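Trainee: I've got a two-chain model open and I'd like to learn how to read it. Can we go through it feature by feature?

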Amino acid sequence: MTTATAGPGRLTPFRERLPGPVLATGAWFQRTGIAAQLLTLAIVVGIFAMGTGGKYLAWSNVQVILSLSAIPAIFAVGLHPTIVAGGIDLSLQGVASLIAVFVGFLLRNQFNSHDLGLWIILVAMLIGAIAGAVNGLLNAALRIPSFIASLGMGWILYGLAVFMGKAVNVPLLDTRIGNFASANVVGIPLIAVVAAGFTAAVQLVEDRTRLGRYMYAIGGDEVIARQAGINLGVMKVALFTAAGIIYGLASLLLTCRLGISTSRMGLTLLFPTVTAVAVGGVALTGGIGGAKNAALGALIVTALNDGLVLMHVSPYIQQAVNGVVLIVAVALTIDRRKLGFIK
Amino acid sequence: MRRFAWSMLLPALGLILSVTPRLADAAGKTTLVVMIRGLDNPYHANYAVGAKELGKKLGLPVDVLTSEANSQKQFADLKAEIAKTGGNMVVSCDPNEAPDVVPIAKMLEAAGAYWVNWWNKPPDVKVASYPHWVSHVQFDAVGQGYYNAKELFKTFKTPNQGKIIAIQGMLANNAAIGRFQGLQKALKENPGVQLLQWESAEWDTTKAYNATKALLAAHPDVDGVWCANDNMAMGAIQALKEAGLAGKVLVTGTDGNPEAFDAIKAGYMVSTEFQDSRYQAQFGLTMALAAKEGKLDVKSLPSKYRSWMIPGVKVNRDNVDKFVDEYIKSMPKYDLSNFFANWAGEAP
C-alpha cells in the first residue's frame, strides 16, 4: 500500500487507496498490453450474447469462433513483426495462393503421381521463407518502401500461382493435415490450441530474445536503433523471412482444411488479417504490440463477424462494419507524433 | 541541349512504337479478344481455352483480358487493347459487374468494334442503343437457381419439407441475383421448405466455408445448403464434413466444375448446371466476327435476338457419368452455324 508522495495538505489519490490485490491486478493488466483488447472482446461478446438471447454463448458457437479464428490468428502473428518494425508485409495474398497451388500439386491428388505427404510442411515453410526473404531484400537492400515492395511481390506470386494452377481446383486426397486442422481435443478445436501455443511461442521470442528486442528498437526509432549497433538490413530480412514462413504454415493449414487447392485462396485474406492486427492493438506506426495482440485481434474480428451472422445482420452491411472497425482501431492505436503529416 | 535531345528520344520512340502496331493491325488480321474475370476460376479460364481453339482454327490472334475482379482494370485493359489493335478486333465479354457494361459499350462503339456480352447487364440498359453491340446473352439464371433448389428439396427426409440455408454469389452479379430469384420461386411453390438465413460468399470457396460454418452454428438442424455456384459449394461441403453432416445434408451449385461432378458421384452434392464457357467464347466471337464481316445484319435483328438466354446442361446424380464422358473428357465440336438455334427466351 502506497502513501501519498505529495506534501502535507494533499489528499491521497483515489487510485492509491484501492486494496493491494486490486492494484496489483490492475498493474499486471496494464503491463500485458492487452487490457483494452480483452475489454473489447468482453463488450463484443456481451452485446451479441444479449442480442441473440444467449445463443451466441452456446458451446457449439464458441467452438466455431475458436475454430474459425485460429488460422487468421496465425496469419496475423505472421504479419505483425513487420508492422512492429515499422514496415508492413502485404504479400500474404500471393504467398497463400502460391502455397495453395503447390499443395495441390504435391500432395496426393488425382492429376499426377506426387505424394509428398507430411514433407509438404517443409516445402510450405521454404516457399514462404524465400518469398519473405525477397521482400526483405527489396526493402532493405534496394530501399523500396515495404508497402510497395510487398504489395508488388504479392501480385507477382499470385500471378505465378494462377499460371501454375491453370484454373484447376485440385481436391486433396491426402487428408491427414486436413483432419488435424479440423479435429477437436476435449471439445476444443485442436487448431485453436495450436494457434494459441504458436502465439505464446512467438510472444516468448519477442519478450525474451535479442531478436524481439531489436524488433521493438527498430520500430521505436530506426535511427537510434542503427546508432545502437543493430544491423537493420539483416534484421529486416529476418523479420520478412519469418513472416513468410508463418504465412507458409498458415496457408498450408488453410488449404488442407478446405480440402481443395484453389489459386484464388489468398485473395480474401489480406483485409481480415490487417484488420485483426490493427484491432489487436499493434500500431501501424510501429514499435508497439506483440503476437498476443495480433492473435487476440483475430479472435475479436472473428467473434464480431460470427455475431453479425448470428444476429441476421444484413450481409450488405457486414463488410461496412468491418471497415468501420478497422478505421476505429487504427485511429486509436497509431502514434500521431510519428507521422509528420497524416497522408 | 544534349539533355533535351535525350529526353525527347524516349517519348519519340514510344510514339513511333505505339503507332506501328496500329498501322500493322489496321490492315491485318482481326484480333479475337475475350474479357474475363480471371484465369484462376475454372469457368472463366475456359473462356480463354475456347477462344484460343477458335483462334487456332481461324488463324487469328487471340488476346485474353483479365479484370481480376477489378472493374477499373477491365476498362484500362480494354482501352489498351483498342489502342493496340486500332479497333480491328471483336470481343466476347463477361463483365466484372453489371454496370460495367455501359462504359464498355461506349468504348467499343467509339472504336467501331463488334462485341457480344455475357451474363452481366443492368435491365434498363438496352442493347439496341449501341449498333456495335451484337447481342447480350445469358444463361437462364433464374432457371438454374430454380432447378437446383427443386433437386435439393427432393433429397429431404420428407421431400419438399425442410429447412435450408443459402450461400449467394457477388450480390451485384446478374447470375447471383437471377439464381437467388430462382430459389425464391422454388420456395414459393414449396411452402413446406423454409429458408432460414443466407450469406454472401462472393463466389469464393474460403468465404463459403467460413459462412457455412457460422450458419451451421446458428442453425444446426438444416436439411440442405443451396449455393449459387460450385466454388462455394466446395467450401460448404468442407464445412459440412467438419460438422459430420456431409452426405446427409446435401449441397447444390452451378457452373459445372469438374470437382462438382466428383462431389455428385461421391454423394455430397445433388446437382449443378454446366455452362460451357468454351462454347460461350467461341459463340460470342463467331457472332461478332459475322457482324464485322457483314454476314450478320445487327440493325435488322429483333430485340429478342439482341438480349436473350441459352440453356445450360442440367447435371444430377442420374446423368453425371454420361455427362462427364461427353463434355469433360474432351471438348465437343460446336455447331456455330445458326446463332439462334439454342435461343431459350428473351432476357431483360
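This is a predicted model: local features need pLDDT of at least 70, side-chain atom pairs count only at pLDDT 80 or more; totals for chains, interfaces and linings use all residues.

Trainee: Then let me try a helix. Which elements cover the buried residues of α9(A)?

Mentor: In helix α9 (residues 210-220) of chain A, Tyr214(A), Met215(A), Ala217(A), Ile218(A) and Gly219(A) are buried. The general idea for a helix is that there are 3.6 residues a turn, so residues three or four places apart point the same way. As for the cover, α3 (59-84), α8 (190-208), α10 (222-227) and α11 of chain A are among the elements that provide it.

Trainee: On to strands. Which way do the residues of β11 of chain B point?

Mentor: In a regular strand the side chains alternate between the two faces of the sheet. Here, Ser307(B) and Met309(B) go one way from β11 (residues 307-310) of chain B, Trp308(B) and Ile310(B) go the other way, and all are buried. As for pairing, β5(B) and β11(B) run parallel and are joined by four bridges. One residue pair to click on is Gln138(B) with its bridge partner Met309(B).

Trainee: Why does Val116(B) count as buried?

Mentor: The cut-off is 20 or more other C-beta atoms within 10 Å. Val116(B) is buried because 25 other C-beta atoms lie within 10 Å. This residue sits in strand β4 (residues 114-118) of chain B. Beyond four places in sequence, its contacts include Ser92(B), Val134(B), Gly284(B) and Met287(B). Met287(B) is 171 residues away along the chain, yet the two C-alpha atoms are 7.5 Å apart.

Trainee: What about the largest nonpolar core? Which residues touch the most other members?

Mentor: They are Ile74(A), Val90(B), Trp115(B), Ala236(B) and Ala288(B), in a core of 202 residues. Helix α11 (residues 232-258) of chain A gives the largest share of this core, 17 residues. Ala236(B) is a handy one to inspect: leaving out residues up to four places away in sequence, this alanine touches Ile167(B), Ala208(B), Thr212(B), Val225(B), Cys227(B) and Val251(B).

Trainee: And how is chain B divided into domains?

Mentor: Domain 1 is 2-139 + 276-312 and domain 2 is 142-274, according to the domain assignment. Over C-alpha atoms, the centres of these two domains of chain B are 33 Å apart. Their contact takes eleven residues from domain 1 and nine residues from domain 2. On the domain 1 side, α2 (42-58) and β5 (133-139) of chain B each supply at least two residues.

Trainee: Last one: how many residues of chain B are in contact with chain A?

Mentor: There are 29 from chain B, in contact with 25 residues of chain A. On the chain B side, α7(B) gives the most, with ten residues. By residue class, that side divides into eleven nonpolar, ten polar and eight charged.

Methods:
Residues are numbered from 1 along each chain as its sequence is written. Chains are lettered from A and ligands numbered from 1 in the order in which they are written. Domain bounds come from an automatic or database domain assignment. Two residues are in contact if their C-beta atoms, placed from the backbone, lie within 7 Å. Ala, Val, Leu, Ile, Met, Phe, Trp, Tyr, Cys and Pro count as nonpolar, Asp, Glu, Lys and Arg as charged, and the others, Gly among them, as polar. A residue is buried if 20 or more other C-beta atoms lie within 10 Å of its own, exposed if 12 or fewer, and partly exposed in between; C-beta atoms are placed from the backbone. Two strands pair if DSSP finds at least two bridges between them. A nonpolar core is a set of buried Ala, Val, Leu, Ile, Met, Phe, Trp, Tyr and Cys residues joined through C-beta atoms within 7 Å.
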